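Let's take a walk through a protein model together. Have the sequence and the 3D view open, and look up each residue as we get to it.

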Amino acid sequence: MLTLYGISASRAFRNLWLLEELGLDYRHEPVDYRGGAAETPAMLAINPNGHIPVLSDGEQHFYESMAINLYLAARYDTDHLLWPADPVAQGHVYQWSFWVMTEVEASALAVLMHKRVLPEPQRDADKLARHTGILKKPLAVLDAALTERPWLLGDQFTLADLNTAAVLAWARAARMDLTAYPQLTAWIKSCMARPGFRRANRKR
Ligand SMILES: N[C@@H](CCC(=O)N[C@@H](CS)C(=O)NCC(=O)O)C(=O)O
């Protein structure tokens with residue numbers, strides 16, 4: 001039995017999205033990351049970092065949201081809906097998943113926090129400007145990649161798109177001005193319009 005721990009308004013969203021896309025049978029435990037809920041003895045036993053998300057698959061427990069998605073896809077997407085069969089294409093899924101975590105995630109989160117989420121007095125305009133600036137280069141890279149093809153690996157939506165879009169959705173939520181990146185804008189809209197994304201969005 002698969003169990004995903006973590007509220008949807010967190011990095012657990014990317015796992016809920018994949019679980020929904022693949023139509024897998026799973027239990028959802030909407031554990032919050034605030035208020036110590038991720039640091040109970042039971043939660044620390046499956047993730048000593050005290051973070052969400054966590055995936056339990058029987059006796060096995062996994063943390064790190066991207067690793068969870070790569071595991072779920074490699075193990076359960078045997079029909080290759082989103083997980084390509086070709087090892088070269090799989091390499092590109094890894095590439096985009098690591099790329100978005102290392103080149104984009106921290107700055108996208110900082111923009112979201114300092115533009116929309118934190119109470120006004122806690123927002124830092126300098127931080128917002130710095131991280132908006134940092135994002136210019138990777139956003140241009142992503143936009144250019146999408147000029148050559150509709151989805152990151154070609155003609156089909158894959159886990160590369162899901163993992164990348166799950167992070168870029170924060171830029172949309174922050175209402176970042178993305179007009180300089182028209183291909184990226186069209187792509188993220190298509191990703192967020194998917195029924196799987198919407199179902200995951202309706203979770204607690
Ligand atoms: N790199 C980890 C980050 C996990 C993480 O920081 N999760 C946040 C929620 S989105 C959390 O649990 N924060 C609690 C805290 O920092 O105390 C992943 O991608 O899963």
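## A first stop: histidine 80

Is histidine 80 buried, partly exposed or exposed? Keep in mind that we are looking at a predicted model. Histidine 80 has a relative accessible area of 36%, and buried would need a value under 20% while exposed would need one over 50%, so histidine 80 counts as partly exposed. You'll find histidine 80 in the loop between H3 and H4.

Arginine 175 isn't a glycine either, yet its phi is positive at about 55°. Look for arginine 175 in the loop between H6 and H7. Its relative accessibility is 57%, so arginine 175 counts as exposed.

Now for a peptide bond: the one from isoleucine 52 to proline 53 is cis, with omega near 5°. Proline 53 sits in the loop between helix H2 (41–46) and S3.

## A buried arginine

Next, find arginine 14 in helix H1, which covers residues 12–22. Arginine 14 has a relative accessible area of 2%, so it is buried. What is arginine 14 in contact with, leaving aside its neighbours within four places in sequence? The list is Ser65, Met66, Asn69, Met101, Glu105, Leu162, Ala166, Val167 and Trp170.

## Helix H3

Ser65, Met66 and Asn69 take us to helix H3, and they are among its buried residues. Ile68, Leu70, Tyr71, Leu72 and Ala73 of H3 are buried too. What do the buried residues of H3 pack against? Their partners are strand S1 (2–5), H1, strand S3 (54–57), strand S4 (60–63), helix H4 (87–117) and helix H6 (159–173).

Helix H3 runs over residues 65–76, which is 12 residues, and at 1.5 Å a residue they should span 16 Å. The C-alpha atoms at its ends are 16 Å apart, so the two values agree.

## The nonpolar core

How many residues are in the largest nonpolar core? It has 57, and the ones with the most contacts inside it are Trp17, Leu142, Leu159, Leu168 and Trp187. Two or more residues come from each of S1, H1, H3, H4, H5, H6, H7 and helix H8 (195–201). H6 gives the largest share, with 10 residues.

Two packed helices are described by the angle between their axes and the distance between the axes. For helix H5 (residues 125–148) and helix H7 (residues 182–192), the axes come within 7 Å and cross at roughly 80°, so H5 is roughly perpendicular to H7. From H5, the contact uses Leu139, Leu142, Asp143, Leu146 and Thr147, and from H7 it uses Pro182, Gln183, Leu184 and Trp187. By class, that is six nonpolar, two polar and one charged residues.

H6 also packs against H7, at an angle of about 105° and with the axes 10 Å apart. That makes H6 roughly perpendicular to H7. On the H6 side you'll see Asp161, Thr164, Ala165, Leu168, Ala169 and Arg172, and they meet Leu184, Trp187, Ile188, Lys189, Cys191 and Met192 of H7. This contact has eight nonpolar residues, one polar and three charged.

How values were computed. Residues are numbered from 1 along each chain as its sequence is written. This is a predicted model: local features need pLDDT of at least 70, side-chain atom pairs count only at pLDDT 80 or more; totals for chains, interfaces and linings use all residues. Side-chain values use heavy atoms; hydrogens and water are left out. Axes are lines fitted to C-alpha atoms, for helices over the stretch in contact, and angles run from 0 to 180 degrees between N-to-C directions. Helices (H or I, at least four residues) and strands (E, at least two) are DSSP runs, numbered from the N terminus. Angles under 35 degrees count as roughly parallel, over 145 as roughly antiparallel, 65 to 115 as roughly perpendicular and the rest as oblique. Contact means heavy atoms within 4.5 Å. Ala, Val, Leu, Ile, Met, Phe, Trp, Tyr, Cys and Pro count as nonpolar, Asp, Glu, Lys and Arg as charged, and the others, Gly among them, as polar. Buried means under 20% relative accessible area, exposed over 50%, partly exposed in between (1.4 Å probe, protein chains only). The expected span of a helix is 1.5 Å times one less than its number of residues. A nonpolar core is a set of buried Ala, Val, Leu, Ile, Met, Phe, Trp, Tyr and Cys residues joined through side-chain atoms within 4.5 Å.
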